[in-house]
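Here are a few friendly notes to read alongside the model. Please keep the structure open as you go through the points.

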Amino acid sequence: MEKHLLAVYPGSFDPVTNGHLDIIERACRLFDRVVVAVSTQVDKRPLFSLEERLAMLREVTANMPQVAVESFGGLLVQYASRRGARVVIRGIRAVSDFDYEFQMSLMNRRLCEDVETVFLVPAEAYTYLSSSLVKEVAALGGSVAGLVPAAVERRLLEKFRGREGR
Ligand code: PNS
């Protein structure tokens with residue numbers, strides 16, 4: 001595969017999981033630079049504020065010199081074009097992800113022919129992992145150790161301290 005300079009890895013990252021990190025590491029092996037782009041869309045009612053999500057991502061990718069973390073609003077393809085990226089990375093865990101990702105990649109292509117979506121598959125151990133499940137388990141007092149970086153686990157514990165069972 002031709003090596004493109006810059007790839008954008010967009011998402012909500014509410015919060016970043018070890019599955020996301022696995023995709024970021026894989027992307028770094030294929031691309032020179034990877035911009036992890038956090039959506040500012042508020043209609044998804046995130047648990048963590050934009051600033052918290054950015055801070056967690058920056059903390060857990062601090063040892064990856066190829067990676068930058070930014071936020072973006074508006075259309076993803078417009079942001080990618082502005083940023084000079086021709087590749088958008090998305091992780092696919094299972095068939096259940098496919099419909100939505102397929103739709104989104106074709107809509108993005110319709111909006112901008114020049115931006116190509118590249119799907120990466122995380123390690124098998126993370127195929128069942130999602131930010132939503134992590135939040136649900138943490139909210140109910142379950143352990144999310146090994147599913148998210150330690151810094152994220154700490155913040156989840158802080159968020160939900162004393163709220164179990166509510
Ligand atoms: O982690 P998520 O929530 O699956 O990420 C979805 C995200 C943020 C990548 C997607 O909602 C997005 O690209 N939003 C930006 C607005 C946009 O371009 N919408 C049209 C997509 S076809």
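1. Helices (H or I, at least four residues) and strands (E, at least two) are DSSP runs, numbered from the N terminus. This is a predicted model, in which local features need pLDDT of at least 70, side-chain atom pairs count only at pLDDT 80 or more, and totals for chains, interfaces and linings use all residues. Residues are numbered from 1 along each chain as its sequence is written, and side-chain values use heavy atoms, with hydrogens and water left out.

2. Let's begin with the loop between β1 and α1, where F13 lies. F13 has a positive phi of about 50° although it is not a glycine. P15 lies in the loop between β1 and α1 too, and a cis peptide bond with omega of about 0° joins D14 and P15. Most residues other than glycine have a negative phi, and most peptide bonds are trans.

3. Which residues are closest to the ligand? They are S12, Q41, K44, L76 and R90, from a shell of 15 residues (a residue is near if one of its heavy atoms lies within 4 Å). By class, seven of the shell residues are nonpolar, six polar and two charged. Here Ala, Val, Leu, Ile, Met, Phe, Trp, Tyr, Cys and Pro count as nonpolar, Asp, Glu, Lys and Arg as charged, and the others, Gly among them, as polar.

4. The side chain of S12 has an N or O atom 2.6 Å from a ligand oxygen. Taken alone the ligand exposes 550 Å², of which the protein buries 80% (Shrake-Rupley method, 1.4 Å probe).

5. The ligand sits in the largest pocket, meaning that more than half of its atoms lie within 2 Å of the grid points. A pocket is an open set of points on a 1 Å grid over the protein atoms alone, where a 1.4 Å probe fits, with protein on both sides within 12 Å along at least five of seven lines; lining residues have an atom within 4 Å of a point. The lining has 38 residues, with G11, S12, K44, R90 and Y100 nearest the pocket centre.

6. Finally, a word on α4. This helix gives the largest share of the ligand shell, four residues, and also the largest share of the pocket lining, seven residues.

Key. A polar contact is a pair of N or O atoms within 3.5 Å; within protein, one must be able to donate a hydrogen and the other to accept it, and residues adjacent in sequence count only if both atoms are side-chain atoms.
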